[in-house]
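Please take a first look at the sequence and the 3D structure below. The report then goes through them part by part.

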Amino acid sequence: MSDTIYRNGIFSANEWIILDDEADLPGDGKAMVSLDRFLELGGTAPEGLELGVVIRAGDKAERLVDHLAAVPVIAVDFPKFSDGRGYSSARLLREKFGYRGELRAIGDVLIDQIPFMIRCGIDSFEITHAPTRRALEEDRLNEVPIYLQPVGREGEVPLGTRPWARRRVA
Amino acid sequence: MYRYDEFDREFVLARVAQFSDQVRRRLAGDLTEEQFKPLRLMNGLYLQLHAYMLRVAVPYGTMNAVQMRKLAHIARKYDRGYGHFTTRQNIQFNWPRLDETPEILSELAEVEMHAIQTSGNCIRNVTADHFAGAAADEIADPRVYAEILRQWSSLHPEFSFLPRKFKIAITGAPHDRAAVQVHDIGLQLARNENGETGFIVYVGGGLGRTPMVGRKVRDFLPEADLLAYTEAILRVYNLYGRRDNKYKARIKILVHETGLEELKADIEREFEAIRGGILTLPKDEVDRIEAYFAAPAFKVPGDERLFDAAIETMPGFADFARQNLNAHRQPGYTSLTISLKPIGGAPGDASAEQMEVVADLAEKYGHNEIRVSHEQNLVLPHVLKSDVPAVYQVLKEHGLAEANAGLVTDIIACPGMDYCALATARSIPVAQRISERFGTPERQKEIGDLKIKISGCINACGHHHVGHIGILGVEKKGKEFYQITLGGSADEKSSIGEIVGRGFSYEEVVDAVETVVDTYLNIRNGEEEDFLQAYRRVGEAPFKEALYGTQ
Ligand code: HEM
Ligand code: SF4
């Protein structure tokens with residue numbers, strides 16, 4: 001199964017590889033590297049290679065701030081589904097620093113967490129958990145479609161009697 | 001009190017449907033227990049010694065008669081006929097079956113109740129002063145802000161997988177009845193020199209293994225910034241709180257390890273970035289919510305000669321009137337504490353029948369309002385003084401008239417070995433024995449205000465660290481041992497109790513408590529000086545000597 005990337009309602013192939021810090025940079029293609037390595041490279045890839053970044057839990061997303069306009073994809077790693085640091089990193093990237101490229105959840109990505117991830121600005125998901133894949137294919141997001149707090153995500157519709165606070169899924 | 005509108009209703013129903021689907025997938029094997037656990041915890045469902053335990057939210061401890069009757073119904077139909085009111089102003093049922101929980105939640109939803117965020121590593125049910133909206137000394141009703149925080153924190157997309165649980169408490173009066181300084185965030189309503197409403201903010205309080213009193217991070221946070229500032233605290237905690245060791249994962253450890261000043265700077269930086277944005281609380285929104293909590297239509301004071309006569313003639317009433325009533329801001333009214341601490345009983349337990357009695361009383365005499373206090377009692381916040389004798393009479397018929405609010409037998413105890421999988425010792429039976437030892441009205445009255453709190457293990461659910469006398473059950477070589485701490489307190493002058501010396505066996509512990517109490521009676525400067533004041537004046541030495549002799 002190589003079409004592991006769920007984005008905009010469909011599964012497609014993962015075009016990105018994730019490089020270990022020790023591995024040599026390939027001559028072409030698309031590669032994601034750690035935040036440290038990305039910054040060492042000054043955020044620029046050799047001609048022919050596209051470079052993305054992996055934000056691991058514990059990484060400070062703000063270190064990327066000068067490079068955001070040029071990064072096509074940032075992967076936020078969830079080492080365990082119960083480790084929620086990635087949600088804050090995602091919101092910081094989107095809402096505080098204005099990142100507009102692809103924001104991808106990788107790691108332990110499960111169906112019950114995906115609605116939260118979406119609200120934090122994540123828009124693509126690497127899915128390896130079979131029941132999660134099945135649920136997405138069958139369009140069973142199982143989310144509570146009313147939100148009781150505003151976040152900075154675009155497209156959420158202010159709602160009803162307390163439009164200041166409440167939103168509905170767009 | 002707060003009423004759902006169509007969207008709140010849709011929200012809770014959708015949450016029930018979502019959880020039902022999660023239970024279904026768990027039973028079908030699509031979710032492992034490990035994956036299911038945080039989901040069920042976020043819906044108040046624990047796996048305990050004998051069965052699952054369901055914790056139902058009573059937001060800021062406020063409910064009405066219909067809701068209380070529903071709890072009674074659930075106790076009867078799905079449990080063994082009783083429920084257990086907790087120090088978090090919630091109610092726990094100790095015997096529900098997993099496959100029945102969706103049905104229970106549907107029943108709760110019918111009366112605008114739920115179990116959302118009563119456990120798990122998320123922002124828990126926000127707690128508030130149980131005399132809110134009634135107390136004579138109140139600056140503003142804390143439930144308005146508790147409700148705003150409840151909405152903001154419900155299924156928060158960023159903060160549902162925190163390093164650890166997160167508790168917020170809020171008090172509206174200078175006399176803190178909500179123990180705000182031992183919560184992750186404690187808010188104390190205040191007014192600045194211009195008469196504007198805002199909050200004194202404490203961060204990093206908590207009990208458990210490493211008890212700490214919260215540190216003040218703001219002398220005055222303007223009302224409009226409440227959510228933005230809270231979100232800033234949570235973001236810093238979510239990113240930097242420790243996740244390698246669950247005993248070091250609360251925000252109190254982050255405060256301790258990072259240092260207050262640095263952490264404060266982190267919070268302020270995050271706050272600056274979002275202040276004035278989407279989380280700014282509009283004044284008209286506060287007013288809207290406030291309208292939900294408008295006082296009931298108070299009646300004209302009744303004939304208080306009835307009250308005065310009952311003091312003279314009705315057996316036990318004078319004690320009850322002295323101990324279980326709290327000054328009300330409305331002339332002719334009082335707030336009435338219904339003790340769930342009958343002498344020799346399990347603290348916080350109420351039978352289905354008792355719940356129904358309280359519901360009836362609330363409807364007949366209490367403007368349909370009931371509160372759960374964090375001291376595991378119930379409160380009728382608005383009762384005409386002239387009606388108190390009638391209420392007392394009914395309470396008495398149902399074993400609910402114990403006149404011990406705030407006294408030595410008003411003990412807080414966690415479930416301990418009787419129900420809890422983590423317990424290292426019994427706590428309920430210790431509470432029962434202490435209660436029996438000091439149970440006569442004369443003895444209780446002689447001793448005066450005294451808070452005893454008991455936990456069955458180091459997790460401190462019974463708040464022993466902040467008991468004037470705290471008792472912690474531990475296990476030593478296969479036997480239960482009880483450590484005694486003295487001088488704890490959870491009010492506006494919070495302090496963590498100090499361990500007085502080696503522990504006592506299950507058999508000895510009640511005698512030890514009595515020794516402490518007798519020592520106090522001997523050294524106090526008259527009846528006016530309560531236990532805590534006396535302890536703070538003399539320190540632990542005389543207690544130590546009485547317990548262990550001169551060493
Ligand atoms: C019977 C099952 C229960 C279990 C398994 C349980 C488990 C725990 C654990 C593990 C902690 C420590 C958390 C930490 O330090 O981070 C804790 C703390 C606490 N629990 Fe419970 N608990 C139970 C029942 C209760 C009950 C019945 C109450 C209320 C009467 C309660 C109220 C609390 C409070 C107030 C704390 C202290 C919070 C703090 O550290 O600030 N728990 N509980
Ligand atoms: S203090 Fe310990 S024994 Fe008591 S309820 Fe909490 S975890 Fe259980």
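## A hairpin in chain B

B:G186 has a bridge partner in strand 9 of chain B, namely B:Y202. This is a predicted model. Strand 9 covers residues 197-203 of chain B, and seven bridges join it to strand 8 of chain B. The two strands run antiparallel.

Strand 8 and strand 9 of chain B form a hairpin, with five residues between them. B:G195 sits in the turn and has a positive phi of about 80°.

## The sheet around strand 8

Strand 8 of chain B also pairs with strand 7 (residues 168-171) of chain B. This pairing is parallel and has four bridges. B:I168 stands opposite B:I185 in strand 8 of chain B. B:T171 stands opposite B:Q188, again in strand 8 of chain B. Strands of a sheet pair through backbone hydrogen bonds, and the pairing is either parallel or antiparallel.

These strands belong to an open sheet of five strands in chain B. The order is 6-7-8-9-10, and the pairing is mixed. Strand 6 and strand 10 (215-222) of chain B are the edge strands, as each pairs on one side only. How enclosed is strand 8 (residues 185-191) of chain B? Six of its seven residues are buried, so strand 8 of chain B is largely enclosed by the rest of the structure.

## Helix 7 of chain B

Helix 7 covers residues 251-258 of chain B. Its buried residues are B:I251, B:K252, B:I253, B:L254 and B:V255. What covers them? The cover includes strand 9, strand 10, helix 6 (226-240) and helix 8 (260-274) of chain B. Just after helix 7 of chain B comes B:G259, with a positive phi of about 95°.

## Helix 13 of chain B

Helix 13 covers residues 388-397 of chain B. B:V388, B:P389, B:V391, B:Y392 and B:L395 are buried there. Where do these buried residues of helix 13 of chain B fall, seen down the helix axis? They fall within an arc of 155°, so they line one face of the helix.

That buried set packs against several elements of chain B. The helices are helix 10 (305-313), helix 11 (317-323) and helix 12 (352-365) of chain B. The strands are strand 11 (325-327), strand 12 (333-338) and strand 15 (378-384) of chain B. Helix 13 of chain B is followed by B:G399, whose phi is positive, near 65°.

## Two residues and their contacts

B:S435 is found in helix 14 (residues 428-437) of chain B. Is B:S435 buried or exposed? Its relative accessibility is 3%, and buried means under 20%, so B:S435 counts as buried. Leaving aside neighbours within four places in sequence, B:S435 is in contact with B:P342, B:I343, B:G344, B:T409 and B:I411.

B:A136 lies in the loop between strand 6 and helix 5 (142-153) of chain B. At 49% relative accessibility, B:A136 counts as partly exposed. Leaving aside neighbours within four places in sequence, B:A136 is in contact with B:A327, B:H328 and B:R329. B:A136 and B:A173 are 37 residues apart in sequence. In space they are 8.9 Å apart, C-alpha to C-alpha.

## Positive phi in two loops

A:N8 is not a glycine, yet its phi is positive, about 50°. A:N8 lies in the loop between strand 1 (5-7) and strand 2 (10-12) of chain A. With a relative accessible area of 70%, A:N8 is exposed.

B:E112 is not a glycine either, and it has a positive phi of about 65°. B:E112 lies in the loop between helix 4 (101-110) and strand 6 (127-128) of chain B.

## The shell around ligand 2

Which residues surround ligand 2? They are B:C414, B:P415, B:G416, B:C420, B:L422, B:A423, B:G456, B:C457, B:N459, B:A460 and B:C461. By class, eight are nonpolar and three are polar. The shell around ligand 2 has no charged residues.

## Where the chains meet

The area buried between the two chains is about 4000 Å². Carbon and sulfur atoms give 57% of that area.

A:L148, A:R162 and A:W164 supply 19% of the area that chain A buries against chain B. That is more than any other three residues supply.

Note on methods:
Residues numbered from 1 in each chain as written. Chains lettered and ligands numbered in written order. Predicted model: local features only at pLDDT ≥ 70, side-chain atom pairs only at ≥ 80, totals over all residues. Heavy atoms only, no water. Buried < 20%, exposed > 50% of the residue type's maximum accessible area, 1.4 Å probe, protein only. Pairing = 2+ DSSP bridges. Arc of directions from axis to C-beta. Contact = heavy atoms within 4.5 Å. Near = heavy atom within 4 Å. Nonpolar A, V, L, I, M, F, W, Y, C, P; charged D, E, K, R; others polar. Buried area = accessible area lost by both parts, 1.4 Å probe.
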